[in-house]
Amino acid sequence: MFEALRWRLTAWYVLAFTLVFVVIGVSVFFWVDRRLSDEVDAAVAQVSDQARAAVNQAEASDKGEQSGIGLSSDDIRGVLANAALGRSADVFILLVNPNGSIAANPGDVPLGGLPDQGSISKARSGAEDWRSARVDGHDLRIHTVPVYSSSGALDGFIQTGKSLESRDRSLRILALVMASGGLVGLLLATAGGLVVAGIAIRPVRRSFERQREFVADASHELRTPLTVIRTNAETLSAITPDDDAVEDIVAESKYMTRLLDDLLVLAGSDQEGIELSLGRVDLSELARSAGRAAARLASDAGLTFDAVVDGALMVRADAERLREVLLILLDNAVKYTPAGGRIILRAQKERGEAIVGVDDTGVGVPTAEIPRLFDRFYRVDKARSRALGGTGLGLSIAREIMDAHGGSLQFRSEPGKGSTVTMRLPLSSA
Ligand code: ADP
């Protein structure tokens, strides 16, 4: 129980850590991406501005004598050299004619896919164009500006650009570093979480242990005097059979003995789980024998009892414990079914499982209460249960026994119509 709690606390802690890490990681990634992209744009814009200034200067000096866009190789080399002084060594410049053909390729850029015609047609409208494009297998950031003569005629375009590969490489490295950091963080968070959760639940575990020991010790201590009271009361009752007070003492001491027995079973189960002595058991045989005992109880309570039991249902189980479960279910069916009602015990095979169900036509349980029936001391009608000798521990013991066997216990009910409690166990193969 505490190990499960420790793992659950750790899982929550790791989940919170992962969420925080993912949020921070994604934010850092996009922030770095933005910064690197801005740097690329700044480098391209810087070269573009210098090229535009050089072109304007050249246009001014030929006073419009030459048509089209023109710049001497020296001018362009100057622009590129200036760019290289900054961080823009891998920036390219293309001078483009108004019809989109190359006028000059001063940096000897390999021309596959360049100039980018999409960007040029956008810049034809008069505005600069910025875009990221995949050209000839390379991711590029491209900037195109139109150039006009002094008379306002379109002389051509300056297209500048820069490869995005170094930005993408940096982002890939960042993602890799963050992913491996995250993985290491996750492992450390799990290990740390387990240690911290272990320390945090230690006092709860200790106090639970103390309570369990207290219940077990108190039950043991009460048992001996109770046995004396019960034996003496039974003797007295045999001597004075009509004495109601003595009868009450006998009934109450029987009830207390049952209660102490149940408490001891649960205290033992809390410590090291229900102890089982496993063997091959024929569940149908067990059901028949428990059914014979229940038939007597049912007939005393004015109920009809039927057993529909299939042939051998071999399971790997502790026969005594399973018998205990069957008796709890049958006893409940008898207790909570008014006289004139009917109880049916069924035992059958279903999809590799042995199934034993107890149906009754009793008072039933409201649907909302069903999940709580397996809680210790939970009773739908406390007074009724107490009057019928119920301890409120039967179903919780039954469930613990079924869990210990790797089986299950299911309760279905319709108030006023009756209930069906079904136990399931895997069939044993050989
Ligand atoms: P109890 O000793 O009170 O019977 P259990 O743990 O066996 O304790 O059952 C818990 C409660 O579940 C009972 O008090 C009763 O209210 C309800 N219950 C169990 N079995 C039946 C049933 N067959 N029909 C109606 N109510 C039931």
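This is a predicted model: local features need pLDDT of at least 70, side-chain atom pairs count only at pLDDT 80 or more; totals for chains, interfaces and linings use all residues.
Student: Let's begin with the sheets. How do strands of a sheet pair?

Tutor: Strands in a sheet pair through backbone hydrogen bonds, and the pairing is either parallel or antiparallel.

Student: I'd like to follow β5. Which strands pair with β5?

Tutor: Take strand β1 (residues 91–96), which pairs with β5 in the antiparallel sense over 6 bridges. Strand β4 (residues 138–148) also pairs with β5 in the antiparallel sense, over 9 bridges. You can find I158 of β5 opposite L95, and I158 is also the bridge partner of V145. Another pair to look for is I142 with G161 in β5.

Student: How many residues of strand β5 are buried?

Tutor: Strand β5 (residues 154–163) is mostly covered, with 9 of its 10 residues buried.

Student: And what lies between β4 and β5 in their hairpin?

Tutor: There are 5 residues between the two strands, and in this hairpin G152 takes a positive phi near 95 degrees.

Student: What is the strand order in the sheet that holds β7?

Tutor: That open sheet has 5 strands in the order β7-β9-β10-β12-β11, and its pairing is mixed. The edge strands β7 (304–309) and β11 (408–414) each pair on one side only. Neighbouring strands are turned by 10 degrees against each other on average, direction ignored. For a parallel example, look at β7 and strand β9 (residues 342–350), which pair over 6 bridges. There, V308 stands opposite R346 in β9.

Student: Which helices lie across these strands?

Tutor: Helix α7 lies across β7, β9, β10, β11 and β12 (418–426), and runs at about 170 degrees to β12. Helix α9 (residues 394–404) lies across β11 and β12, at about 140 degrees to β11.

Student: Now to helix packing. What describes two packed helices?

Tutor: Two values do: the angle between their axes and the distance between the axes. For helix α6 (residues 283–300) and helix α7 (residues 319–335), the angle is about 35 degrees and the axes are 9 Å apart. The crossing of α6 and α7 is right-handed.

Student: Which residues of α6 and α7 meet?

Tutor: From α6 they include L283, L286, A290 and L297, and from α7 they include L322, L326, L330 and V334. By class, the contact of α6 with α7 has 14 nonpolar, 2 polar and 2 charged residues.

Student: Last, a single residue. Is D359 buried or exposed?

Tutor: A residue counts as buried when its relative accessible area is under 20%. D359 has 17%, so D359 is buried. To find D359, look in strand β10 (residues 353–360).

Student: What do the side chains of R346 and T420 do with D359?

Tutor: The side chain of D359 has a polar contact of 3.0 Å with that of R346, and another of 3.2 Å with that of T420. Leaving aside neighbours within four places in sequence, the residues in contact with D359 are R342, I343, I344, R346, S419 and T420.

Methods:
Residues are numbered from 1 along each chain as its sequence is written. Side-chain values use heavy atoms; hydrogens and water are left out. Helices (H or I, at least four residues) and strands (E, at least two) are DSSP runs, numbered from the N terminus. Buried means under 20% relative accessible area, exposed over 50%, partly exposed in between (1.4 Å probe, protein chains only). A polar contact is a pair of N or O atoms within 3.5 Å; within protein, one must be able to donate a hydrogen and the other to accept it, and residues adjacent in sequence count only if both atoms are side-chain atoms. Contact means heavy atoms within 4.5 Å. Axes are lines fitted to C-alpha atoms, for helices over the stretch in contact, and angles run from 0 to 180 degrees between N-to-C directions. A crossing is left-handed if the near helix is turned anticlockwise from the far one by less than a right angle, and right-handed if clockwise. Ala, Val, Leu, Ile, Met, Phe, Trp, Tyr, Cys and Pro count as nonpolar, Asp, Glu, Lys and Arg as charged, and the others, Gly among them, as polar. Two strands pair if DSSP finds at least two bridges between them.
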